[in-house]
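Me: I'd like to learn how to read features in a structure like this one. Could you walk me through some, giving the general idea and then the case here?

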Amino acid sequence: MAPSLPEVWQRGPVPGITALLQPVAHALLQAREELDEMMNDFPDHLLWEKPAGVASVGFHLQHLSGVLDRLFTYARGEKLNNQQRVALAAEALAENPDVSVSMLLERFHLQVENALEQLRNTAAETLTDFRGIGEKQLPSTVLGLLFHAAEHTMRHIGQLHVTAKIVRG
């Protein structure tokens, strides 16, 4: 058996990302690694199972990518575009038979790469800048949105892990 690596946050800084945003980068990379491990050989036919009425694995996988996209959009000071609104509505669907585990993982990987690139391009002096969320422009900051993206991602990784174990039996 190969020796396991320490958790991402214990491996040192992610190149090109300011020290203040390292925890966000570490959490997203950790989430990606854990997701890949738990979804290894996960069957597509179990994606939409909802044991005890909890959110399905498929929901969590769609939501992980979608929420990163939305929160990082707000952190840039932008509003959601039509494509993002359509994706948000699709997350609420009970089931989407047109997607597979591999498609959802690929989408998450791409979203993490996009997020890391945005972190590399986020200047430390902008972290306390105001950012409005949604149509109501609820108050937050660049740092608040990026931190929430990381913690929200890890929360869903935990929920997904439990649900995946249950539906696999």
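Me: Let me begin with Glu135: is Glu135 buried or exposed?

Reply: The general idea is to compare the relative accessible area with two cut-offs: under 20% is buried and over 50% is exposed. Glu135 has a relative accessibility of 60%, so Glu135 counts as exposed. Please keep in mind that this is a predicted model.

Me: Which side chain does Glu135 meet in a salt bridge?

Reply: Side chains of opposite charge can pair when their charged atoms come close. In this case the partner is Arg85, with an N to O distance of 3.1 Å. The two belong to distant parts of the chain, 50 residues apart: Arg85 is in helix 3, while Glu135 is in the loop between strand 1 and strand 2. Arg85 has a relative accessibility of 37%, so Arg85 counts as partly exposed.

Me: How many salt bridges does a search of the whole structure find?

Reply: The search finds seven. One of them joins Glu91 and Arg70, at 2.8 Å from N to O. Glu91 sits in helix 3 (residues 82-91) and Arg70 in helix 2, so this pair ties together parts that lie 21 residues apart in sequence.

Me: Are Glu91 and Arg70 buried or exposed?

Reply: Both Glu91 and Arg70 are buried.

Me: What separates Glu151 and Arg155 along helix 5?

Reply: Here the spacing in sequence is the thing to read. Glu151 and Arg155 are four residues apart in helix 5, so about one helical turn separates them. Their side chains meet in a salt bridge, 3.2 Å from N to O. Glu151 is partly exposed, at 29% relative accessibility, and Arg155 is partly exposed too, with a relative accessible area of 40%.

Me: Let's move on to helix packing. At what angle do helix 2 and helix 3 pack?

Reply: The angle compares the N-to-C directions of the two axes, and a value over 145 degrees counts as roughly antiparallel. Helix 2 and helix 3 pack at about 150°, with their axes 10 Å apart. These two helices are therefore roughly antiparallel to each other. Their crossing is left-handed.

Me: Which residues of helix 2 and helix 3 meet?

Reply: From helix 2 come Phe59, Gln62, His63, Gly66, Val67, Asp69, Arg70 and Thr73, and from helix 3 come Gln84, Leu88, Ala90 and Glu91. Sorted by type, the residues of this contact are four nonpolar, five polar and three charged. The list includes Arg70 and Glu91, whose side chains form the salt bridge discussed above.

Me: Gly66 is in that list. Is Gly66 buried or exposed?

Reply: At 2% relative accessibility, Gly66 counts as buried. This glycine is in helix 2, and the C-alpha atoms of Gly66 and Leu88 are separated by 6.7 Å although the two are 22 residues apart along the chain. Leaving out residues up to four places away in sequence, Gly66 touches Glu91 and Arg107.

Me: How does the packing of helix 1 and helix 5 read, and at what angle do they pack?

Reply: The reading is done in the same way, with angles under 35 degrees counting as roughly parallel. Helix 1 (residues 22-39) and helix 5 (residues 142-168) pack at about 15°, with axes 9 Å apart, and are therefore roughly parallel to each other. Their crossing is left-handed. Among the contact residues are Val24, Leu28 and Met38 of helix 1 and Phe147, Ile157 and Arg168 of helix 5. The contact as a whole divides into 14 nonpolar, three polar and two charged residues.

How values were computed. Residues are numbered from 1 along each chain as its sequence is written. This is a predicted model: local features need pLDDT of at least 70, side-chain atom pairs count only at pLDDT 80 or more; totals for chains, interfaces and linings use all residues. Side-chain values use heavy atoms; hydrogens and water are left out. Axes are lines fitted to C-alpha atoms, for helices over the stretch in contact, and angles run from 0 to 180 degrees between N-to-C directions. Angles under 35 degrees count as roughly parallel, over 145 as roughly antiparallel, 65 to 115 as roughly perpendicular and the rest as oblique. A crossing is left-handed if the near helix is turned anticlockwise from the far one by less than a right angle, and right-handed if clockwise. Contact means heavy atoms within 4.5 Å. Ala, Val, Leu, Ile, Met, Phe, Trp, Tyr, Cys and Pro count as nonpolar, Asp, Glu, Lys and Arg as charged, and the others, Gly among them, as polar. A salt bridge is a side-chain nitrogen of Lys or Arg within 4 Å of a carboxyl oxygen of Asp or Glu. Buried means under 20% relative accessible area, exposed over 50%, partly exposed in between (1.4 Å probe, protein chains only).
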